[in-house]
Amino acid sequence: MRVRAAPASVRLVPEPHGETPVWCYDGNVPGPEIRVRQGDRLRVVLDNALGEDTTIHWHGLRLPNAMDGVPDVTQPPVHPGETFAYEFDAVDAGTFWYHPHANSLEQVARGLYGVLVVEEREPALRVDRDVTWVLDDWRMTEDAALAGRFDNAHDMSHGGRLGNWATVNGSSPGEFAVRRGERIRLRLVNTANARVFGLEFQDHRPQVVALDGHPVAPHTPERGRVVLGPGMRADIVLDMTGEPGTKTPVVDAFYRNREYRLLDLAYASEPLRDEPPAWPVGLPRNPLPEPDLEGAFRHEMMFTGGAMGGAIMAEMGGSMGAVGPGSFWFVNGEAAPPGALEPIATLRRGQSCVIAMTNATAWHHPMHLHGHAFRVLSRNGKPTAHREWRDTVLLDPRERVEIAFVADNPGDWLFHCHVLGHQVSGMKDMIRVL
Ligand code: C2O
Ligand code: CU
């Protein structure tokens with residue numbers, strides 16, 4: 001298939017507002033949902049009809065380095081009018097997404113992204129409906145245009161480019177039609193530049209079955225809230241247990257005192273069945289290599305910087321380099337240089353690696369590793385309940401998190417914050433696998 005990155009106008013905000021000029025794939029936000037089966041080979045030709053360079057990064061996919069879409073690291077940038085053919089095998093089943101890795105702060109904020117679903121080899125999870133919700137927030141002007149100044153210092157040194165208009169699959173539908181007794185597999189994807197979503201379903205009990213595409217022991221999340229930092233995904237099984245004819249608000253309650261209703265689950269007057277089905281919940285695991293913690297290479301990372309970071313840094317240790325133009329964030333005292341990166345670690349192929357990260361800042365950071373999935377081992381010294389596999393892990397302010405993975409995929413792989421304004425102002429590193 002082909003996807004074309006180009007400017008377009010789409011209806012993000014209802015009438016009487018006008019359409020919003022965006023950049024997107026194939027004229028839609030989100031771009032086409034690509035579906036393949038695990039084990040299949042995917043071939044997508046990117047056609048660049050933008051006025052600037054672009055690429056496609058396949059977020060979360062374990063693919064050959066040359067297909068990873070990082071300009072000047074894994075491929076030359078795709079210039080305006082040029083094409084690039086991405087081709088790789090889908091080794092893992094799950095919910096993934098794609099977006100540019102060139103000027104991504106602006107290109108993703110303007111609407112360039114889409115979902116890639118890799119279906120399980122055998123239909124693995126019985127549900128009535130398989131539904132994707134792409135969550136985004138936009139910073140809009142009164143005229144329903146995107147507010148400019150993507151790289152302003154205030155956003156970069158604080159929580160990033162937070163928006164003022166939230167969308168689900170590129171619009172604000174207000175309602176999502178359901179029926180009592182229905183079981184839905186809901187694939188949640190956070191494509192926002194900066195916003196962390198924390199979805200609450202009131203008296204409904206979401207069961208998390210996969211995180212960042214990878215199956216996890218089915219469980220109800222803490223306080224019933226499904227938290228997704230930028231770049232992160234969660235597959236949940238949601239049983240529609242409400243009464244016919246009623247509405248249940250789905251609320252994003254992540255930021256204290258800033259809750260808002262994302263949409264309502266609107267129940268039809270006719271139930272599908274009286275009680276939720278008794279079908280088993282759970283997914284077959286992906287073929288991920290198990291890290292050997294004893295013999296692992298260990299790497300420590302301390303994040304400092306950002307607004308209000310001085311006191312936390314003093315309390316937790318760490319240092320900060322010079323605040324150069326556009327550098328606000330530091331990893332072990334250094335901000336990523338604007339040009340070529342040097343690897344922070346060089347690993348032998350097959351070597352296990354443990355990375356311990358300490359967030360000595362006042363902000364959340366979703367840290368994303370390319371080309372691999374890692375287990376989240378511990379938070380603040382406490383083992384995690386599910387040792388979940390992820391490609392992006394959200395660090396709270398002052399939090400210490402340990403992850404582990406097997407470096408089985410040769411190449412240079414970025415490891416960066418997915419708050420895209422943080423990525424361009426220092427929080428970007430690279431790991432080399434020989
Ligand atoms: Cu989704 Cu390096 O990014
Ligand atoms: Cu960050």
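Biologist: In which loop is E388 found?

Modeller: This is a predicted model, in which local features need pLDDT of at least 70, side-chain atom pairs count only at pLDDT 80 or more, and totals for chains, interfaces and linings use all residues. Residues are numbered from 1 along each chain as its sequence is written, and side-chain values use heavy atoms, leaving out hydrogens and water. Strands are DSSP runs of E, at least two residues, numbered from the N terminus. E388 lies in the loop between β26 (382-383) and β27 (389-390).

Biologist: Is E388 buried or exposed?

Modeller: Buried means under 20% relative accessible area (1.4 Å probe, protein chains only). E388 is buried yet has no salt bridge, that is, a side-chain nitrogen of Lys or Arg within 4 Å of a carboxyl oxygen of Asp or Glu. R390, the nearest side chain of opposite charge, is 4.5 Å away.

Biologist: Which residues lie nearest the centre of the largest pocket?

Modeller: A pocket is an open set of points on a 1 Å grid over the protein atoms alone, with protein on both sides within 12 Å along at least five of seven lines; lining residues have an atom within 4 Å of a point. Of the 27 lining residues, P221, E222, V227, R379 and E388 lie nearest the centre. Strand β16 gives the largest share of this lining, 3 residues.

Biologist: What lines the largest cavity?

Modeller: In a cavity, a 1.4 Å probe fits but cannot get out. The lining of the largest cavity includes D136, D137 and R161, and strand β9 (residues 129-138) gives its largest share, 3 residues.

Methods:
Chains lettered and ligands numbered in written order. Helix = DSSP H or I, 4+ residues; strand = E, 2+ residues; numbered from the N terminus. Buried < 20%, exposed > 50% of the residue type's maximum accessible area, 1.4 Å probe, protein only. Lys, Arg positive; Asp, Glu negative; His and termini not counted.
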